[in-house]
Amino acid sequence: APVKDDWTEHKDPGTGKTFYYNTVTKETAWEKPAPKVPAPLATPKPLGSPPSSSSSAPVKNDWVEHKDPATGKPFYYNSVTKETRWDKPA
């Protein structure tokens, strides 16, 4: 099975430079890290279990604050829509 890549590509709104965001660890990096081989799950889900909440309708607060590595200015990333913005969403 292919290795899941938790890194998503984004453009720095201030510089236009490409950076990468890890949706699991919330890390940002200028260079795309190699995908990690997933560790086996400690408790696998039994078949027929309900889907996780991440696959349901978006929650109000899907925005996470991050710091622009180039400027130190805060920006906001929406883990559901993959959108980035400078101003804090309502």
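Is Arg85 buried, partly exposed or exposed, and what is its relative accessibility? Arg85 counts as partly exposed, at 27% relative accessibility. The cut-offs are these: buried is under 20% relative accessible area, exposed is over 50%, and partly exposed lies in between, with a 1.4 Å probe and protein chains only.

Some ground rules come next. This is a predicted model, with residues numbered from 1 along each chain as its sequence is written; local features need pLDDT of at least 70, side-chain atom pairs count only at pLDDT 80 or more, and totals for chains, interfaces and linings use all residues. Side-chain values use heavy atoms, with hydrogens and water left out.

1. **Salt bridge.** Arg85 and Asp87 join their side chains in a salt bridge, 2.9 Å from N to O. The rule asks for a side-chain nitrogen of Lys or Arg within 4 Å of a carboxyl oxygen of Asp or Glu. By that rule the count is 1 salt bridge. Asp87 is partly exposed, with a relative accessible area of 44%. Side chains of opposite charge can pair when their charged atoms come close.

2. **Sheet of three strands.** Strands here are DSSP runs (E, at least two residues), and helices are runs of H or I with at least four; both are numbered from the N terminus. Two strands pair if DSSP finds at least two bridges between them. An open sheet of 3 strands runs in the order β4-β5-β6, with antiparallel pairing. Its edge strands are β4 (63–67) and β6, each pairing on one side only. Between β4 and β5 there are 5 bridges, in the antiparallel sense. Lys67 has Pro74 of β5 as its bridge partner.

3. **The β1–β2 hairpin.** Strand β1 (residues 7–11) pairs with β2 in the antiparallel sense, over 5 bridges. His10 has Phe19 of β2 as its bridge partner. The hairpin has 6 residues between its strands, and Gly16 takes a positive phi near 80° there.

4. A pair of aromatic rings is described by the distance of the centres and the angle of the planes. Rings of Phe, Tyr and Trp (its six-membered ring) pair if their centres lie within 6.5 Å; planes under 30 degrees apart count as stacked, over 60 as edge-to-face and the rest as tilted. The structure holds 4 aromatic pairs. One of them is Tyr21 with Tyr77, a tilted pair at 4.1 Å centre to centre and 55° between the planes. This pair links distant parts of the chain: Tyr21 is in strand β2 (residues 18–22), Tyr77 is in strand β5 (residues 74–78), and they are 56 residues apart. Tyr21 is buried at 1% relative accessibility. Tyr77 is buried too, with a relative accessible area of 1%.

5. **Phe75 with Trp86.** These ring centres are 6.2 Å apart with the planes at 75°, so the pair is edge-to-face. Phe75 lies in strand β5 and Trp86 in the segment after β6 (84–85), so the pair ties together parts 11 residues apart in sequence. Phe75 is buried at 2% relative accessibility, whereas Trp86 is partly exposed at 24%.

6. **Ring cluster and lysines.** Ring pairs link Phe19, Trp30, Phe75 and Trp86 into a cluster. Two of its rings carry a lysine. Lys17 lies over the face of Trp30, at 4.2 Å from the ring centre. Lys73 has its charged end over the ring of Trp86, 4.4 Å from its centre. The test is NZ of Lys or CZ of Arg within 6 Å of the ring centre and within 35 degrees of the ring normal.

7. **Asn78.** This residue lies in strand β5. Asn78 is buried, with a relative accessible area of 6%. The Asn78 side chain reaches the backbone nitrogen of Val80 at 2.7 Å. Leaving aside neighbours within four places in sequence, Asn78 is in contact (heavy atoms within 4.5 Å) with Asp62, Trp63 and Glu83.

8. **Positive phi at two lysines.** Most residues other than glycine have a negative phi. Lys26 has a positive phi, near 65°. Lys26 sits in the loop between β2 and β3 (28–29), and is partly exposed at 40% relative accessibility. Lys82 also has a positive phi, about 65°, although it is not a glycine. Lys82 lies in the loop between β5 and β6, and is partly exposed with a relative accessible area of 39%.

Conventions: A polar contact is a pair of N or O atoms within 3.5 Å; within protein, one must be able to donate a hydrogen and the other to accept it, and residues adjacent in sequence count only if both atoms are side-chain atoms.
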